[in-house]
Amino acid sequence: MNLQIAKKALKAYFGYDSFRPMQGEIIQNVFDKKDTLVLMPTGGGKSICYQIPAITMKGITIVVSPLIALMQDQVEGLKANGIPAAFLNSSQDYPQQKIVEDDCFNGKVKLLYVSPEKLVSEAFTPILTMLPVNLIAIDEAHCISSWGHDFRPEYTKLRFLKKQLPHIPIIALTATADKTTRKDIVTQLNLAEAKQFVASFDRPNLSLTVKAGQKRFEQICEFLEDRPNTSGIIYCLSRKSTEELAETLRVNGLKALEYHAGMDSSTRSKHQDNFLMEEVDVIVATIAFGMGIDKPDVRFVIHYDVPKSIESYYQETGRAGR
C-alpha cells in the first residue's frame, strides 16, 4: 500500500488535497504493519492517521474509544462521509449489538469503535479473534497511564491485545503524554518496537490568561457577558462544583449545563447534544467532558479550579483550539 492511494481516499472522503505534517509518515508506518505511537495536539488530525488506513486496507479496524458520546459522534461523522462505521458499547441492548456484530462479519463495517469495557470482556474475545482485523487504534492512549488509571481502569488491561493478535499493528494516539507517560504507554501495550511520532505543540491560535482567584464567579460572568452566544467549556475539579456553578450561571440568565461522570448516561448525552447543537453556550464539566468532541467553534476554556497536572491543563485548553 502506498501514499498515493491514501491521498486519493483523503480527497474522496474528507475533501483534503494533502496531509498535514506527519500524517503521511504515520499512515505509511501503519501500511508497513508497524506499531505506532502518535503524540499530536488536539485538532492536529490524529483520527485521519487510522481512518485512512482503515478505509484503504482490507478487513476491519478496531478503534478503542473511552467515551460513548465520542464514539457516537465519530461514527455519525464517518457515515455522513460515506464510510461504513459502527460502534459497540453499553448504550446498546443485545439485539442492537448483534446487528452490529453480524454487519462486521458480513464485511459491512470498515471501522468498529469499541469501549474498553467491551473490548476486554470475555464475550468479545472470540469475536475479536474471528474478525479480519487489520489494525487496532487506541484513542486517548494517555488513559493507560497517569490519571487515566483512575478515569478508565480498563485501559490498563489492553496489554492482552499484542499477545492475542501479535501480527496486527497497533496505533496508540494521544494529545497529552510527557516522556514518562509515553514510555509507560509503550510498556503497558507491549509495543517495544513502536515508532514514535511527536508533533509540535506550538498553538499560535490560542492565547492564555491567568486571573487572580478572588471573585471567580463575578469574573466569569463578566467574561461571558462580553461574549454572547459563544461556545465554551468551564472545567471544575469536583462534580458538586460543576452542578453549583452551572445552576448559578442559569440563575444569572446564562445558558449553561453541567456534565460529570456521576450523572446517568442519558442525561450526560442530552447535555452534550444540547451543547453540540448550540442550544446551550456553556458546559461546566469535570475532566469527563471534552475528549475528541467534534465541535469546531469552542472559543474559550476556563479553569474554575487549578488542574491536577500540566498534562491535564494542556489537554483541556486544546479543546478551544479546534
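Me: Angles under 35 degrees count as roughly parallel, over 145 as roughly antiparallel, 65 to 115 as roughly perpendicular and the rest as oblique. Why are helix 11 and helix 12 called oblique to each other?

Reply: This is a predicted model, in which local features need pLDDT of at least 70, side-chain atom pairs count only at pLDDT 80 or more, and totals for chains, interfaces and linings use all residues. Residues are numbered from 1 along each chain as its sequence is written, and side-chain values use heavy atoms, with hydrogens and water left out. The axes of helix 11 (residues 216-225) and helix 12 (residues 239-251) cross at roughly 50° and come within 12 Å. Helix 11 and helix 12 are therefore oblique.

Me: Which residues make the contact between helix 11 and helix 12?

Reply: Helix 11 supplies Phe-217, Ile-220, Cys-221 and Leu-224, and helix 12 supplies Leu-245, Thr-248 and Leu-249, where contact means heavy atoms within 4.5 Å. By class, the contact has 6 nonpolar, 1 polar and no charged residues.

Me: What makes Leu-161 buried?

Reply: Buried means under 20% relative accessible area, exposed over 50%, partly exposed in between (1.4 Å probe, protein chains only). Leu-161 has a relative accessible area of 0%, so Leu-161 is buried. This residue lies in helix 9 (residues 160-164). Leaving aside neighbours within four places in sequence, Leu-161 is in contact with Leu-119, Leu-128, Ile-136, Ile-138, Pro-166 and Ile-170.

Me: Why is helix 3 described as largely enclosed by the rest of the structure?

Reply: In helix 3 (residues 48-56), 9 of the 9 residues are buried, so helix 3 is largely enclosed. Among them are Ile-48, Tyr-50 and Thr-56.

Methods:
Helix = DSSP H or I, 4+ residues; strand = E, 2+ residues; numbered from the N terminus. Axes fitted to C-alpha atoms, helices over the stretch in contact; angles between N-to-C directions. Nonpolar A, V, L, I, M, F, W, Y, C, P; charged D, E, K, R; others polar.
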